[in-house]
Amino acid sequence: MIDPAASPQSARQRRLLLLATGTMSGVGLVGTLLPFIASMAPSDAARSRGAPVEVDLDSVEPGSLVTVAWRGKPVWILHRTGDMLERLGRHDSLLGDPLSKKDQQPANARNATRSLRPDIFVAIGICTHLGCVPTYRPEAGAADLGDDWPGGFFCPCHGSKFDLAGRVFRNVPAPLNLEIPPHAYQGETHLVIGQDRNGNQ
Ligand code: FES
């Protein structure tokens with residue numbers, strides 16, 4: 001059910017607040033109430049020009065989602081648990097594009113987990129319908145989303161749904177899976193958003 005309080009206008013305001021918070025976060029704000037983490041980032045000016053953003057994955061607890069700002073967009077980093085990964089394999093019939101064949105971005109988005117590493121999911125947190133920011137709803141069978149809800153992301157603007165790999169459900173307004181930004185790992189706990197393993201941005 002769509003929350004009537006979550007109008008497109010309020011969603012836009014939330015998005016602006018989210019992006020503004022990301023811009024203001026700077027360095028050293030790990031652990032704020034909002035699920036943003038400060039990245040080991042270049043200056044705000046460099047970041048606004050599109051410089052890669054670095055994230056210490058030790059900041060991302062299993063099951064939790066954090067958001068960083070990259071090129072003015074919210075980028076999600078979700079640390080998926082074993083249970084979350086197991087759930088991903090059970091609902092392909094509900095999805096619009098389970099194998100990411102439509103207009104999908106990097107090669108690492110074309111697999112069941114849509115990720116370089118199964119446990120870490122990185123995606124741009126913008127709905128592929130009209131650009132609202134979906135909410136993180138990891139709880140399977142949530143009362144307002146139905147018994148068959150496997151956990152994922154719900155867009156409050158017009159009701160689009162995405163699973164925990166950012167794959168869009170059938171019969172919702174959003175036409176595509178969530179976008180995966182270029183990213184790469186440097187060691188076990190160091191994530192770079194904004195360039196791939198070959199340095200391409
Ligand atoms: S913007 Fe997300 S469903 Fe319309």
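Predicted model: local features only at pLDDT ≥ 70, side-chain atom pairs only at ≥ 80, totals over all residues.
Three strands form an open sheet, in the order 2-3-4, with antiparallel pairing. Which strands stand at the edges? Strand 2, residues 65-70, and strand 4, residues 120-124. Each has a single partner strand, so one side of each is left without a neighbour in the sheet. Direction ignored, neighbouring strands here are turned by 25 degrees against each other on average.

Now the pairing of strand 2 with strand 3. The two run antiparallel, and six bridges join them.

Next, strand 1 and strand 9. Strand 1 covers residues 53-56, and strand 9 covers residues 190-193. They pair in the antiparallel sense, over four bridges. E54 has V192 in strand 9 as its bridge partner. Look at the two faces of strand 1. V53 and V55 make up the covered face. E54 and D56 make up the uncovered one. Why the every-other-residue pattern? In a regular strand, side chains alternate between the two faces of the sheet.

On to the aromatics. How many aromatic pairs does the structure hold? Three. Take W76 and F153. This pair is stacked, at 4.4 Å centre to centre, with 15 degrees between the planes. The pair links distant parts of the chain. W76 sits in strand 3, residues 73-79, and F153 in strand 6, residues 152-154. That puts them 77 residues apart. Buried or exposed? W76 counts as buried because its relative accessibility is 2%, under the 20% cut-off. F153 is at 0%, so F153 counts as buried too. Y136 joins in as well: ring pairs link W76, Y136 and F153 into a cluster.

R137 is in strand 5, residues 135-137. The C-alpha atoms of R137 and F153 are separated by 5.3 Å, with the two residues 16 apart along the chain. What does R137 touch, leaving out residues up to four places away in sequence? A142, D144, L145, W149, G151, G152, F153 and F154. Is this arginine buried or exposed? R137 has 17% relative accessibility, so R137 counts as buried.

One more arginine before I stop. Where does R117 lie? Over the face of Y185, at 4.9 Å from the ring centre.

Notes. Residues numbered from 1 in each chain as written. Heavy atoms only, no water. Buried < 20%, exposed > 50% of the residue type's maximum accessible area, 1.4 Å probe, protein only. Contact = heavy atoms within 4.5 Å. Phe/Tyr/Trp six-rings, centres within 6.5 Å; stacked < 30°, edge-to-face > 60°. Lys NZ or Arg CZ within 6 Å of the ring centre and 35° of its normal. Pairing = 2+ DSSP bridges. Axes fitted to C-alpha atoms, helices over the stretch in contact; angles between N-to-C directions.
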